[in-house]
Every structure is written in structure tokens, then in C-alpha cells.
Amino acid sequence: MSHILPRRVTGPAPVDRPVVRIEDDVDHNRFDLFVDDELVGILGYRFGEGDDGPVVALMHTVVKEEYGDRGWAGVLVRASLNTARDRQWRIVPICTYVRRYLAQHEEFLDLIAE
């Protein structure tokens with residue numbers, strides 16, 4: 001008789017993933033990052049007009065301290081840049097975090113207003 005029990009093969013244990021959404025809060029000129037319905041980060045912006053259409057200055061990125069160092073700022077910036085692309089906005093990266101993000105994600109460099 002074997003003392004080795006067969007291992008039951010089942011799928012991986014379910015992982016609770018947060019529900020993440022990003023909204024354009026036009027009344028406050030910012031993109032809001034929500035994690036499980038809690039506002040955890042913002043990216044402020046200002047509109048202007050350039051020769052080629054709307055220009056948006058990305059002013060500052062803020063993530064609540066207790067959510068820091070988890071990549072949420074990057075999620076917020078990427079979504080904001082994708083929104084800029086979808087809306088055909090040119091951007092001016094004022095925020096230092098946005099500048100660092102752009103340096104590491106060259107696929108968004110074409111959005112920068114000249």
C-alpha cells in the first residue's frame with residue numbers, strides 16, 4: 001500500500017483583484033484613479049490651444065501614501081496618455097513623474113507638443 005496520496009489537480013486559487021477605474025473629472029481638470037471605489041490618485045491637467053489643436057499640460061500626479069510604491073501612478077499616467085491619444089491631444093509634461101514615465105515609455109513621445 002502506498003503512503004503517497006494523489007495530488008488533486010484543481011485550478012489556481014482565485015485571486016481577489018481590485019476593481020480599477022480612471023475617470024476624467026472635467027470639473028476639477030484632473031484624471032481620478034479609483035481602486036475599489038476609493039479615490040487613490042489624481043493627475044491634474046490644464047487645457048490650452050496649439051497650432052495643431054488642443055494641448056494639455058499634465059501638471060502633477062499624486063497617489064495616496066498608503067497606496068504608494070505599488071505602481072498606481074504608472075497606471076494613472078498610462079491611462080491618461082492613452083486618453084490624450086484617443087482625443088488627439090498634444091501634451092506638455094510638466095509633472096516630473098510624467099516626464100520620467102515618458103522617458104521609459106517611448107511609445108508616447110509622439111504626443112508631446114513641440
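1. W89 is buried at 8% relative accessible area (buried is under 20%, exposed over 50%, partly exposed in between; 1.4 Å probe, protein chains only). The model is predicted, so local features need pLDDT of at least 70, side-chain atom pairs count only at pLDDT 80 or more, and totals for chains, interfaces and linings use all residues. Residues are numbered from 1 along each chain as its sequence is written, and side-chain values use heavy atoms, without hydrogens or water.

2. The whole structure holds 6 aromatic pairs (Phe, Tyr or Trp rings, the six-membered one for Trp, with centres within 6.5 Å; planes under 30 degrees apart are stacked, over 60 edge-to-face, the rest tilted). F47 and W89 are edge-to-face, because their planes stand at 90°, with centres 5.1 Å apart. This pair links distant parts of the chain: F47 is in strand β3, W89 in the loop between α1 and β5, 42 residues apart (helices are DSSP runs of H or I, at least four residues; strands are runs of E, at least two; both are numbered from the N terminus). F47 is partly exposed at 47% relative accessibility.

3. Y101 and F108 form a tilted pair, 6.4 Å centre to centre with 40° between planes. Both are buried.

4. Ring pairs join F31, Y45, F47 and W89 into a cluster.

5. The charged end of R21 sits over the ring of F34, 4.2 Å from its centre (NZ of Lys or CZ of Arg within 6 Å of the ring centre and within 35 degrees of the ring normal).

6. Two non-glycine residues have positive phi: D37, near 70°, and Q88, near 60°. D37 is in the loop between β2 (30-35) and β3 (38-50) and is exposed at 65%. Q88 lies in the loop between α1 (72-86) and β5 (90-93) and is exposed at 64%.
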